[in-house]
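Colleague: I am new to this structure and would like to learn how to read its features one by one. Could you take me through them slowly, with the general idea and then the case at hand?

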Amino acid sequence: MKKFTCVQDIGDLKVALDEAFEIKKDRFKYVELGRNKTLMMIFFNSSLRTRLSTQKAALNLGMNVIVLDINQGAWKLETERGVIMDGDKPEHLLEAIPVMGCYCDIIGVRSFARFEDHDYDYNEVILNQFIQHSGRPVFSMEAATRHPLQSFADLITIEEYKEKPRPKVVMSWAPHPRALPQAVPNSFAEWMNATNYDFVITHPESYELDPQFVGNARVEYDQMKAFEGADFIYAKSWAAYKGENYGKVLSKDRDWTVGKRQMNVTNNAYFMHCLPVRRNMIVTDDIIESSRSLVIPEAANREISATVVLKRLIESLK
Ligand code: CP
């Protein structure tokens, strides 16, 4: 595996899951694999879980780790080609990327959607520049359109907790005070569509996701109807995707906050969220604190998904 940016890169999901469970049993099994190999993690945006779990995964594999927060201590970077650089950005990403590539073997990049220009975001300009110009295997630590390390961890979690071969998994939009990217819901949908699960997406009208990610999922605008008989509820907020509303908050309707009312019509569903979560906007305190809440196991599985991905990227170096 030379890059990891989407579900297709991981190949057969059964093989990837077997590898994940093997690593979960003994997370230091491949500690010799990364000896004298260096991971560089580059953050254009904040993180808690991705930063810590990916760093831990690299340590599991015996790697050295360098972490760079672009906005704290690095030169301010110009990212557009053709710009006359007479402003406040002294370095261009097109020099910075190959320079970073000189100091490491593998690069992880976190670069969120900016919501200034749909095409710029959905063409994954920053991530693709790293893939093109770093000379190193690159993986996404959440880009503008996808968060594959999170989705892989979510899949591992569902496989661990499912009580039937084909569970009903419902991804629900939920309210949030700020506009959030579509990366997590896009990615979750992409990974769920690669399984045999009964997958349903529910959101208010005007919150439709890009059809390439919705795929064959059933879309239901009535949240209560969508939740009926569900085995897993995956809550997430996202900003509007379509047309001139791209990146806008169109609703803060707290009827969509996941609480007892909705969970009572499920099949005693597990509750999932990638975190960080705004309590009593996305989900009520009692649901996130209940014995059916999987938010901590999901976060724990981030270490496992990252270990599998880094292992495969190291193996590609040989
Ligand atoms: N879920 C997730 O990616 O968390 P962070 O933004 O804290 O890394």
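Predicted model: local features only at pLDDT ≥ 70, side-chain atom pairs only at ≥ 80, totals over all residues.

Colleague: Is glutamate 142 buried or exposed?

Modeller: Buried means under 20% relative accessible area. Because its relative accessibility is 9%, glutamate 142 counts as buried.

Colleague: What is the phi of glutamate 142?

Modeller: The general idea is that most residues other than glycine have a negative phi, and that most peptide bonds are trans. In glutamate 142, phi is near 110 degrees, which is a positive value in a residue that is not glycine. Asparagine 280 is another non-glycine residue with a positive phi, of about 65 degrees, and this asparagine is placed in the loop between strand 12 and helix 12. With a relative accessible area of 29%, asparagine 280 is partly exposed.

Colleague: Which residues does a cis peptide bond join?

Modeller: Leucine 275 and proline 276 are joined by a cis peptide bond, with omega at about 0 degrees. Proline 276 is placed in the loop between strand 12 (270-272) and helix 12 (285-288).

Colleague: How should I read a salt bridge, and with which side chain does glutamate 142 meet in one?

Modeller: In general, side chains of opposite charge can pair when their charged atoms come close. Here the side chain of glutamate 142 meets that of arginine 110 in a salt bridge, at 3.5 Å from N to O. Glutamate 142 is in the loop between strand 7 (138-140) and helix 7 (148-161) while arginine 110 is in strand 6, so the pair ties together parts that lie 32 residues apart in sequence. Glutamate 142 and arginine 110 are both buried.

Colleague: How many salt bridges does a search of the whole structure find?

Modeller: The search finds 22 salt bridges. One of them is formed by glutamate 303 and arginine 27, whose closest N and O atoms are 3.1 Å apart. This pair links distant parts of the chain, since glutamate 303 belongs to helix 13 (residues 295-315) and arginine 27 to the loop between helix 2 (13-25) and strand 2 (38-43), 276 residues apart. Glutamate 303 is buried, with a relative accessible area of 12%, whereas arginine 27 is partly exposed, with a relative accessible area of 26%.

Modeller: Another salt bridge brings together the side chains of arginine 218 and aspartate 198, at 2.7 Å from N to O. Arginine 218 is in strand 10 (residues 218-220) and aspartate 198 in strand 9 (residues 198-202), and the two are 20 residues apart. Arginine 218 is partly exposed at 46% relative accessible area, while aspartate 198 counts as buried at 18%.

Colleague: Which residues are linked in a network of salt bridges?

Modeller: Glu19, Lys311, Arg312 and Glu315 are linked in such a network.

Colleague: Turning to the surface, which residues gather in a patch of negative charge?

Modeller: The negative patch on the surface is a gathering of Glu80, Glu116, Asp117 and Asp119. Aspartate 117 is found in the loop between strand 6 (106-110) and helix 5 (118-122), and with 39% relative accessibility it counts as partly exposed.

Colleague: And which residues make a nonpolar surface patch?

Modeller: Ile66, Val99 and Tyr103 make a nonpolar surface patch of about 270 Å². Valine 99 has its place in helix 4 (residues 93-102), and at 36% relative accessibility this valine counts as partly exposed.

Colleague: How many helices and strands does the whole chain have?

Modeller: The protein chain has 13 helices and 12 strands. Its radius of gyration is 20 Å, close to the 20 Å that the globule rule gives for 318 residues, so the chain is as compact as a globular protein of that length. Along its principal axes, the C-alpha trace spans about 55 × 50 × 30 Å, and buried residues make up 56% of the 318 residues.

Terms used
Residues numbered from 1 in each chain as written. Heavy atoms only, no water. Patch = residues over 30% accessible without salt bridge, like charges linked within 9 Å, V, L, I, M, F, W, Y side chains within 5 Å. Areas by Shrake-Rupley, 256 points an atom, 1.4 Å probe, with all protein chains shown as cover. Salt bridge = Lys/Arg side-chain N within 4 Å of Asp/Glu carboxyl O. Lys, Arg positive; Asp, Glu negative; His and termini not counted. Charge placed at Lys NZ, Arg CZ, Asp CG, Glu CD. Helix = DSSP H or I, 4+ residues; strand = E, 2+ residues; numbered from the N terminus. Buried < 20%, exposed > 50% of the residue type's maximum accessible area, 1.4 Å probe, protein only. Rg over C-alpha atoms; globule rule 2.2 N^0.38 Å.
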